[in-house]
Amino acid sequence: MSSRGVARWLSSVAWTVRGALALAVGGALVRQCGFLAMPAVLAFAVDDAVTAGDVPAGIRWAAVLVAAAVLQFLGMCGWDWFANAADARAGALVRTRLLERLWRGDGRAGRDGDAGSGDLVLRASRDVDIVRVWVHGLPTWSVIGLTIVVLIPGIGDLDPTLLVVAAATVPLLVGLNLFYPRRFERASAATAGAHGDRADVVEHLLRSAVTTRGIGAEHVLRDRHHERSAVLVDHTVRAGGILARWTALGEGIPAVATAVGLLVGVVAVGDGRLTVGGLVAFSGWMGTIGIAVQVGLARAAQTVQARVSARRLIEVLGPEPITGRVPTSAVGTPAPPVPPRLTGSVATSGGPVHLDLRAGEILAVAGPTGSGKSTLLAVLAGRATPPAAAVTLDGVPLADWPADRLARDVVLVPQRPVVMAGTVRENLELGEPQDTGRLVEALHVTGLDRDLGAALDTVIGDGAGTLSGGQIQRLAVARALVARPRVLLLDDVTSAVDAATEASLVQAIRVFARDRIVVVAGHRAGLLSAATTTITLAGVPSTDRPVDGAVSCRPT
């Protein structure tokens, strides 16, 4: 994705919390007004009270200093409060979008294998947190802007020579911030990728610890972990070195300018062009400029890291802007009164497929590995758009459907579904309470009530390590049955179950398809027997039990 697209995506995240950010900016500006006022107040206090020996004036200026300190305190409280609220809401919203996509099999990285489950965890934690930190720091730019607007005329009013000294730092700082950010972004991207690679190896190592120990293969995983860790360390050190040089030079330039300015100021005081109080104000303001540069460099580095994390999140979420409205969960949504109709043509590696599916139809897609079964289902779910794909739902192209609406109406259960840590009930409900009877029935028809004992109260650990592959598949099917989408797509969901469980699943699919469309892909005869129509990619279609006039679906 282009840098402009990433910037638009990040901007959409910030826009969702614009109210809290606006209040944070207000608090930040109030705080900075009090902070910038203090050197000026000190200047007047030195000239009026210390130099002139006017005690009452000193008392008055001391009171003004206290008022400026109170202003800083109140502004800082508002700044922190609303910045924390903004970053927390933004993080929750992005993480919700990410989890909803993954739960529905719409996570691009998870579906296509671009990221293992360990790296997906990093995207939902580390990358989201980096975006949160970026959101939190946005009000700081208003503080930096106010500092520049106030101090340029302020220093110029003290002495034009001092303004020249301060202005001399500008081209140096601009050059510095043109040279380092791109290098740091490339290094950060490499570091993020190394984190993901190592996370996948760690997860594999933890899951396989028992089995590999029994066959003497634990050293293979251990060596792989050491290799990935060494790569991660190398990339981390490189990125850290770039950031260290960037930060050191950025902080050093204003420090040198402050030292030169003090020498110039001492001369100006001797010539009578500058008062002692003015020199005090200049020293305080140059210190403020140094702080502003430090904070600006930190925020610039955070922006670079946020762009890297945003690219990784977009790989899963897609390029669509983040909106503030949390989509309604598909769980428990009843079927609409209008029966669905799915039509179109899809080009697969096994040949073109023409579709005309109506409610009550179960289409089975068979074919050897690599023939395009998963690709076909991904296209029907609106997750992929290969050439010659023109699919419509109710006469509207899938590409024109709002993403949230499509996620509710079309649910894909992939071969490798995602399961969240928590109870079975939480996995089935996805945050929206449901009738316990419906949840129990979904577990029963998928055979999970026999496997999981207490069933709904059973706790699933991180990474679903307590479940087998077949149980994970069946839990995802149960979740889809509870969700009641208009179109259900099942990708080889009986590959790891016994014949009795498969028969129960087939019966549940037949009942589910009475007023919906179901498309199943796989090899098991029991699953294919549920179909009203079967096609075999890269082979001869079988249409033993077609529904007259309802389906025309064959390779050409």
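Predicted model: local features only at pLDDT ≥ 70, side-chain atom pairs only at ≥ 80, totals over all residues.

Biologist: What does Trp-9 touch, once residues up to four places away in sequence are not counted?

Modeller: Trp-9 touches Val-94, Ala-310, Leu-313, Ile-314 and Leu-317, and also the run Gly-318, Pro-319, Glu-320, Pro-321 and Ile-322.

Biologist: How should I read the packing of two helices, for instance H1 and H9?

Modeller: One reads the angle together with the distance between the axes: helix H1 (residues 3-16) packs on helix H9 (residues 276-317) at about 85°, and their axes are 10 Å apart. Angles from 65 to 115 degrees count as roughly perpendicular, and H1 and H9 are therefore roughly perpendicular to each other. On the H1 side the contact is made by Ser-3, Val-6, Trp-9 and Leu-10, while H9 contributes Ala-306, Arg-307, Ala-310, Arg-311, Leu-313, Ile-314 and Leu-317.

Biologist: Where is Pro-39 placed, and is Pro-39 buried or exposed?

Modeller: Pro-39 is located in helix H2. The cut-off for a buried residue is under 20% relative accessible area, and with a value of 7% Pro-39 is therefore buried. Leaving aside residues up to four places away in sequence, Pro-39 touches Ala-281, Gly-284 and Trp-285. With Gly-284 the separation is 245 residues in sequence, yet 5.4 Å in space from C-alpha to C-alpha.

Biologist: What is the strand order of the open sheet, and in which sense do its strands pair?

Modeller: Its five strands follow the order E6-E9-E10-E3-E11, with parallel pairing. Strand E6 (410-413) and strand E11 (533-536) are the edges, each pairing on one side only, and from one strand to the next the twist averages 15°. Looking at one pair, E6 and strand E9 (residues 487-491) are joined in the parallel sense over four bridges, and Leu-412 stands opposite Leu-489 in E9. Helix H15 (residues 469-483) lies across both E6 and E9 and runs at about 170° to E6.

Biologist: Which residues of helix H13 are buried, and what do they pack against?

Modeller: In helix H13 (residues 436-445) the buried residues are Leu-439, Ala-442, Leu-443 and Val-445. They pack against helix H12 (424-429), helix H14 (448-451), H15 and helix H16 (499-512). Just after H13, Gly-447 takes a positive phi of about 80°.

Biologist: How many helices and strands does the chain have, and what share of its residues is buried?

Modeller: The chain has 17 helices and 11 strands, and buried residues account for 48% of its 556 residues. Among contacts between residues at least 6 apart in sequence, 78% join residues at least 24 apart.

Note on methods:
Residues numbered from 1 in each chain as written. Heavy atoms only, no water. Pairing = 2+ DSSP bridges. Axes fitted to C-alpha atoms, helices over the stretch in contact; angles between N-to-C directions. Contact = heavy atoms within 4.5 Å. Parallel < 35°, antiparallel > 145°, perpendicular 65-115°, else oblique. Buried < 20%, exposed > 50% of the residue type's maximum accessible area, 1.4 Å probe, protein only.
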